[in-house]
Amino acid sequence: MTDQDVDLKLIQRKLAREMASRKQAESLLEQKSLELFETNQKLELAVAQLEKSSAQDILKLEFQQQIDALLIYFGRAFLDHHLDDVLLSQLVGKVCESSLIKTCYLQLNATLNLGLKQPFYGHQTQINPDSFKLQWRGSQLDIPLIVNREKIGQLSIGVQDTEQDHQFIEQPLRLIADLLCRAVNRQQIIYRNIESRKKAEQSERATRDFLAMINHELRTPLNGLLGSSELLQGTELDDHQQDLVENLSQSGEFLRVIINDLLDYSKINADMFTLLPRKFEIRSLLKTLSSIFNSKAQERALSFHINLADDVPCAVEGDMERITQIFVNLIGNAVKFTDQGSVTLNLGWNNGQLQFQVIDTGIGISPKAQKKLFQPFTQVDRSSKRSFEGTGLGLAICNQLIQLMGGSISLQSTLNVGTTFTGQIPLRKVDHLPSAAKDPAKQLTKLLPQDLSVLVVDDIRMNQIIIKEMLAKLNIVPDIANNGLEAVTATSNKSYSMILMDCRMPTMDGFEATQKIRDLGMNMPIIALTASTTLSEREMCFNCGMDDVLTKPYRSADIQNMLVKWCKN
């Protein structure tokens, strides 16, 4: 082998090695390029996924912020305003403006009493009225609106075609549905309260009308009864007739107490009761009590005493009629439940309060019965042998009246020994009482003009006769009008010193008649003759132009008092 051959082989082997190395390098390069390509593909995929995730997060955040703003705005709007069609339409529109929502439809039951003009809002779609569960139907979410376990409507929301998690979308939309339910519930409560208030006002008006009617229907015949009794007592009667008249008068007085109790209890519970204080003498009160109970006590062979302490003022200011009513009830009970012995009224004075004790030697009250004695319609039968008449309202009314006056009452009782009621009533001491209030009858000749003319306006014949007889005792012959229209005509033709005007009459009532008389420029005193004792009717009397109020049943002394008060020289 020549040297050339050797060199050629060396060159060939070298060339083969270089070619192998080159192929190896190319293979390695190809492998590295493939790995780089795969890595680049993975990187691009990761970047795409990251970009997609970031966009979704941004969309979620934007959606959440939109719903939060909507909840805050309409939460305040529903609190500040009544739920109406405009608000609900605005809500549906705002929901549709959210980034993930394409449609919104709200339907409310037409039977809801919300004052709405239409039952649906937004883009109408098909709903399932019987479904009580939240459900997805494709891209539509149906949320039932439930208030007090009743379905009141449905909120249906069409969601954009996204890959968002349904649970994420449901949560804020549930809050919107909950906001609607609360707004509807609040509106229903408001409407129920309004309806309840209307019913309460209607009930109050009905109560007022009933009390006014029953006042008139009960007191008007009682006015005839007591007025006739008083007039009979002023005539010549034999002993038997005098006894009958006294029985008639006492029965009438007790009937007045019962009527006052029933009406006052109704007025107190209807918040219509008003105290009417005036100045009066204590001796006038005691005279009334003596006239009522002296003969009653004698019939039962009881001693009746009234003890007046020296420090009790001669005159005070308070509601004399109600104070009389209190003592009539207390003394009347004492006389009724005392078979033998005595009934005593003690009156004293301490720090502007009239102190009283009503003591009887009767059959007493058991401790168990004492606990409910001041409850209304409670009749405690204090005898195992007898039952007693009565409404069961007397002591309850006494307690309520004394509390209204700012006083108090309590009792101590022992079975078969007797009972003592103790209490105090705040009254204002009066230093000087006008002479007319003391005894108006004695002042008539000096205080009243000789040519006094009076017009009596009343539609009831009995009342006309009684008041005419009462005025005749004062040498006054009144003119009579049967209704307000006749009264207006009479005043147009003649000048009167005083008009005694009944309030409730046919054709024209006393209120309208008084207004027309005032419109004619007449300024004579007009005194209301009314069977009502409610504050509202007294205000009506004064508002139409009347000067004073005389409540039925009235006495001759009441008429005299009005004459002296308004017609004196």
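Helices (DSSP H or I, at least four residues) and strands (E, at least two) are numbered from the N terminus. Axes are lines fitted to C-alpha atoms, for helices over the stretch in contact, and angles run from 0 to 180 degrees between N-to-C directions. The model is predicted: local features need pLDDT of at least 70, side-chain atom pairs count only at pLDDT 80 or more, and totals for chains, interfaces and linings use all residues. Residues are numbered from 1 along each chain as its sequence is written, and side-chain values use heavy atoms, without hydrogens and water.

**View A. Helix 6 packs against helix 8.** Contact (heavy atoms within 4.5 Å) involves Arg322, Gln325, Ile326, Asn329, Leu330 and Asn333 of helix 6. Helix 8 supplies Gly394, Leu395, Ile397, Cys398, Leu401 and Ile402.

**View B. The largest nonpolar core has 46 residues.** Such a core joins buried (under 20% relative accessible area, 1.4 Å probe, protein chains only) Ala, Val, Leu, Ile, Met, Phe, Trp, Tyr and Cys residues through side-chain atoms within 4.5 Å. Phe327, Leu330 and Ile331 have the most contacts inside it. Helix 6 gives the largest share, nine residues. Domain 2 (213-269) and domain 3 (277-429) both contribute, so the core lies between them. Domain bounds come from an automatic or database assignment.

**View C. Surroundings of Phe327.** Neighbours within four places in sequence are left aside. Phe327 then touches Leu285, Leu289, Phe293, Gly332, Leu345, Leu347, Leu354 and Phe356.

**View D. Another core, of 39 residues, lies apart from the largest one.** Among its members are Leu70, Ile101, Ile157 and Ile169.

Notes:
Buried means under 20% relative accessible area, exposed over 50%, partly exposed in between (1.4 Å probe, protein chains only).
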